[in-house]
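Here are a few friendly notes to read alongside the model. Please keep the structure open and find each residue as you go.

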Amino acid sequence: MIAMHYRLPLPADYDMAIIDRRIADKGRFTDGFPGLLFKAYLSARKDGAGRDNAYAPFYVWNTVEGMHAFLNGAGFAALSASFGRPAVETWLVWQAQLRPGFAQARFASVARQAIPPGTDLEALRKRETGLAIDDVEDGGALAAVTGYEPATWTLVRFRLWQDEPPAGADSSLLVYTVGHISEGHAQAADIEAPNQPEKGSAAHPVAPSAG
């Protein structure tokens, strides 16, 4: 399973209604996209928690083939023609927790963290898995995704929320408004993760698939 994100900074005087219309018009085209777990259409405004104007979709892919199909397809080509081709960040997913109704989320948060040299990666994975589960079971998150990227050694924490989350002390955390969430075709095997710690039945752990 792969998390994917790109952020398009927009000018301070950009008419963000253009982004709202883009999401309203085009969001449905990734509903049911093959290989996709979900895509969150995110935007930020300079006068909001996002600190500046931006369009910043976040994806979680069940298959690398689905990610290839999107990046090499007409939709991403059209976005690149409109805004310039963005740098696309990807992370290998350690944990994905989804509550029923997560697609009704109104806000999202994205936080990055450097993984210092010498870090016990297995211990970090266990801690981050527990944190993701806690955030969904007890912390009010509708979805929690955590992944790592082993080229620059960075960690990402992505959360979906019903209410706007506080920025807190984490200066790396960015908060976005959710315009639409597309759900792909999840297979039954993707919804039940083996050997997953259980704290309740509210959330569905999603097992990382091969690729």
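1. Phenylalanine 58 and phenylalanine 158 are both buried, where buried means under 20% relative accessible area, calculated with a 1.4 Å probe on protein chains only. Before you go further, note that this is a predicted model, in which local features need pLDDT of at least 70, side-chain atom pairs count only at pLDDT 80 or more, and totals for chains, interfaces and linings use all residues. Residues are numbered from 1 along each chain as its sequence is written, and side-chain values use heavy atoms, with hydrogens and water left out.

2. How many aromatic pairs does the structure hold? There are 14 aromatic pairs, counted when ring centres of Phe, Tyr or Trp (its six-membered ring) lie within 6.5 Å. Phenylalanine 58 and phenylalanine 158 form one that is stacked, with 4.0 Å centre to centre and 5° between the planes; stacked means planes under 30 degrees apart. Phenylalanine 58 belongs to strand β5 (residues 58-61) and phenylalanine 158 to strand β9, so the pair ties together parts that are 100 residues apart in sequence. Strands here are DSSP runs of E with at least two residues, and helices are runs of H or I with at least four, numbered from the N terminus.

3. Now look at β9 itself. Seven of the eight residues of this strand (residues 154-161) are buried, so β9 is largely enclosed by the rest of the structure.

4. Which strands are joined to β9? Strand β7 (residues 107-114) runs antiparallel to β9, with eight bridges between them, and alanine 114 stands opposite threonine 154. Strand β8 (residues 143-149) is also antiparallel to β9, through seven bridges; here alanine 144 faces arginine 159. Strands count as paired if DSSP finds at least two bridges between them. In the hairpin of β8 and β9, four residues lie between the strands, and tryptophan 153 takes a positive phi near 55°.

5. Finally, visit the largest pocket, with a volume of about 290 Å³. Its lining has 18 residues, and the closest to the centre are Lys26, Lys39, Phe70, Gly75 and Phe76. A pocket is an open set of points on a 1 Å grid over the protein atoms alone, where a 1.4 Å probe fits, with protein on both sides within 12 Å along at least five of seven lines; lining residues have an atom within 4 Å of a point. The volume is the space filled by probe spheres set on the points, which are joined across faces, edges and corners. Helix α3 gives the largest share of the lining, five residues.

Methods
Buried < 20%, exposed > 50% of the residue type's maximum accessible area, 1.4 Å probe, protein only. Phe/Tyr/Trp six-rings, centres within 6.5 Å; stacked < 30°, edge-to-face > 60°.
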